Amino acid sequence: MVDPELLQILVCPDTKDPVRLADAELLAKVNAAISAGDMLNQGGKPVRKTLEGGLVREDRKVLYPIVDDIPVMLVDEALSLETIS
């Protein structure tokens, strides 16, 4: 997945808070919301493809998707986790 050395230096581009790999439980909740059509990225576009992985910000409010083993660290592509229970 993501190189552990890269993970040590990656931070949220918005807040500069550290990020870490999302656990399976969180990914399952995000993917359920995506499948239900209830997930928008922060740019306001619907997310249609389920995620294989993600990096969650330290405060657990935002998730950056991992696509083809590459973290997408763009604020507009991030997913808000505030509505995920």
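## Basis of the description

Two strands are said to pair if DSSP finds at least two bridges between them. Strands (E, at least two residues) and helices (H or I, at least four) are DSSP runs, numbered from the N terminus.

The model is predicted: local features need pLDDT of at least 70, side-chain atom pairs count only at pLDDT 80 or more, and totals for chains, interfaces and linings use all residues. Residues are numbered from 1 along each chain as its sequence is written, and side-chain values use heavy atoms, with hydrogens and water left out.

S3 runs antiparallel to strand S2 (residues 53-57), to which four bridges join it. Within this pair, isoleucine 66 of S3 stands opposite glycine 53. The hairpin of S2 and S3 has four residues between the strands, and arginine 60 takes a positive phi near 60° there.

S3 also pairs with strand S4 (residues 70-71) in the antiparallel sense, over two bridges. Here valine 67 has isoleucine 70 as its bridge partner in S4. Two residues lie between the strands of this hairpin, in which aspartate 68 takes a positive phi near 55°. Strand S5 (residues 79-80) is likewise antiparallel to S3 and is joined to it by two bridges; serine 80 in S5 is the bridge partner of valine 62.

## Nonpolar cores

A nonpolar core is a set of buried Ala, Val, Leu, Ile, Met, Phe, Trp, Tyr and Cys residues joined through side-chain atoms within 4.5 Å. The largest one has 14 residues, of which Leu26, Val30, Met39, Leu51, Leu63, Leu79 and Leu81 touch the most other members. Helix H2 (residues 24-35) gives the largest share of this core, five residues. Another core, of 11 residues, lies apart from it and includes Leu10, Cys12, Leu55 and Met73.

Leucine 51 is in contact (heavy atoms within 4.5 Å) with Leu27, Val30, Asn31, Ile34, Leu63, Pro65 and Leu79, not counting residues up to four places away in sequence.

Terms used:
Buried < 20%, exposed > 50% of the residue type's maximum accessible area, 1.4 Å probe, protein only.
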